[in-house]
Amino acid sequence: MSTTTTLITGIGSLVTNDPGQGAGPLGLLTDAAVVVDGGTVAWVGPAADAPAADERFDAGGRALLPGFVDSHAHLVFAGDRTAEFNARMSGQAYSAGGIRTTVAATRAASDAELEANLARFVREAVRQGTTTIECKSGYGLTVEDEARALRIAAGYTPETTYLGAHVVAPEYAEDPAGYVELVTGEMLDACAPHARWVDVFCEKGAFDGEQARAVLMAGIEKGLTPRVHANQLTYGPGVQLAVELGAASADHCTHLTDEDVAALAGSATVATLLPGAEFSTRAEYPSGRRLLDAGAVVALSTDCNPGSSFTSSMAFCVAVAVREMGMTPDEAVWAATAGGARALRRGDVGTVAVGSRADLLLLDAPSHVHLAYRPGVPLTAAVWRAGVREV
Ligand SMILES: [Zn+2]
């Protein structure tokens with residue numbers, strides 16, 4: 001079957017994330033071109049050597065990079081928590097319990113409302129250069145509400161995560177063991193067909209190490225792959241558990257002991273940092289530097305959710321990681337693209353290489369460094385998802 005080929009030429013600076021193709025870990029090329037064939041990258045190299053194609057797009061000397069891979073987001077919900085944010089910024093502390101506010105609103109919403117919200121947030125993310133996004137359940141906390149969240153999410157992304165163990169459902173406040181039984185039993189059975197991943201919020205006020213282990217083990221038995229909300233608000237067993245069970249990612253990693261850092265560095269578990277959460281809860285940032293220096297693989301993600309991090313901007317996360325978390329611009333951009341792909345165990349996204357999915361972000365800037373250098377500025381010039389121009 002023949003497809004239309006498009007030559008994107010005049011790329012002033014191309015981030016390939018393929019060290020075999022260019023300079024440094026980002027595999028940087030200057031004066032580059034890319035040929036897209038259907039949904040796939042068919043050729044990458046110097047503009048002067050580019051082959052002919054059906055169509056031609058002139059990047060005008062601007063920077064092209066792989067679309068952002070946002071490996072951690074909570075987008076199936078209803079309601080609004082402006083008042084809670086406002087109160088917190090006026091001096092109140094953050095605790096995991098605020099999730100229950102969104103649970104009540106989400107349960108009360110129709111399928112159509114939830115889907116309209118999700119579609120709006122996915123579109124919002126694409127407009128900012130995100131071409132792969134993960135989406136968790138976790139605001140239903142009943143068998144039916146968790147299953148419908150994942151059913152709806154699966155219409156928008158293959159990266160769906162069962163997070164029935166977000167917090168203990170209000171009905172089980174006096175019986176957390178009974179809730180874990182539900183999450184590992186009937187709820188899991190209803191959700192597993194719509195999910196790729198299983199996740200748990202391992203934290204004081206949510207689920208302890210033993211409960212988290214039970215949730216993840218049950219998911220693994222159903223064919224799901226684990227990822228863990230770990231060590232966000234306090235030190236705890238989440239990171240060690242994630243590494244022990246071969247989780248794709250330990251997310252947050254804000255409070256880490258030296259042993260936690262060493263465990264991540266010696267494992268295939270990605271440390272996914274979510275600076276939007278610390279920003280929005282006025283908390284201490286995780287150290288990207290410490291993890292990178294130890295040899296851990298680091299991803300950056302938005303944690304987009306209505307309570308603790310209501311941003312869908314990967315560019316914002318890159319800027320904060322550079323300014324506040326000791327990461328260089330190159331490291332932060334890698335973490336927001338290739339790092340996210342690792343956290344989702346995806347080989348087809350997060351790079352611009354022959355055979356990879358044609359998920360591309362063109363910046364209104366000459367270099368990817370501008371993502372940190374020009375914080376808060378909308379730099380998206382064009383976005384292609386699987387070769388289709390969407391912005
Ligand atoms: Zn989260």
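**Exercise 1. Locate Asn231 and state whether this residue is buried or exposed.**

Step 1. Asn231 sits in the loop between β11 (225-230) and α8 (238-244). Helices (H or I, at least four residues) and strands (E, at least two) are DSSP runs, numbered from the N terminus.

Step 2. The model is predicted: local features need pLDDT of at least 70, side-chain atom pairs count only at pLDDT 80 or more, and totals for chains, interfaces and linings use all residues. Residues are numbered from 1 along each chain as its sequence is written, and side-chain values use heavy atoms, with hydrogens and water left out.

Step 3. Asn231 has 1% relative accessibility and therefore counts as buried. Buried means under 20% relative accessible area, exposed over 50%, partly exposed in between (1.4 Å probe, protein chains only).

Step 4. The phi of Asn231 is near 55°, a positive value in a residue other than glycine.

**Exercise 2. Which protein atoms are the donors of the zinc ion?**

Step 1. Donors are N, O and S atoms within 2.8 Å of the metal (3.2 Å for Na, K and Ca); water is not among the atoms, so sites may look incomplete.

Step 2. The protein donors are His72 (NE2), His74 (NE2), His229 (NE2) and Asp303 (OD), at 2.0 to 2.4 Å from the zinc ion.

Step 3. Along the chain, their spacing is H-x1-H-x154-H-x73-D. His74, between β6 (68-70) and α1 (82-88), and Asp303, between β14 (298-300) and α12 (314-324), are 229 residues apart.

Step 4. His74 and Asp303 are both buried.
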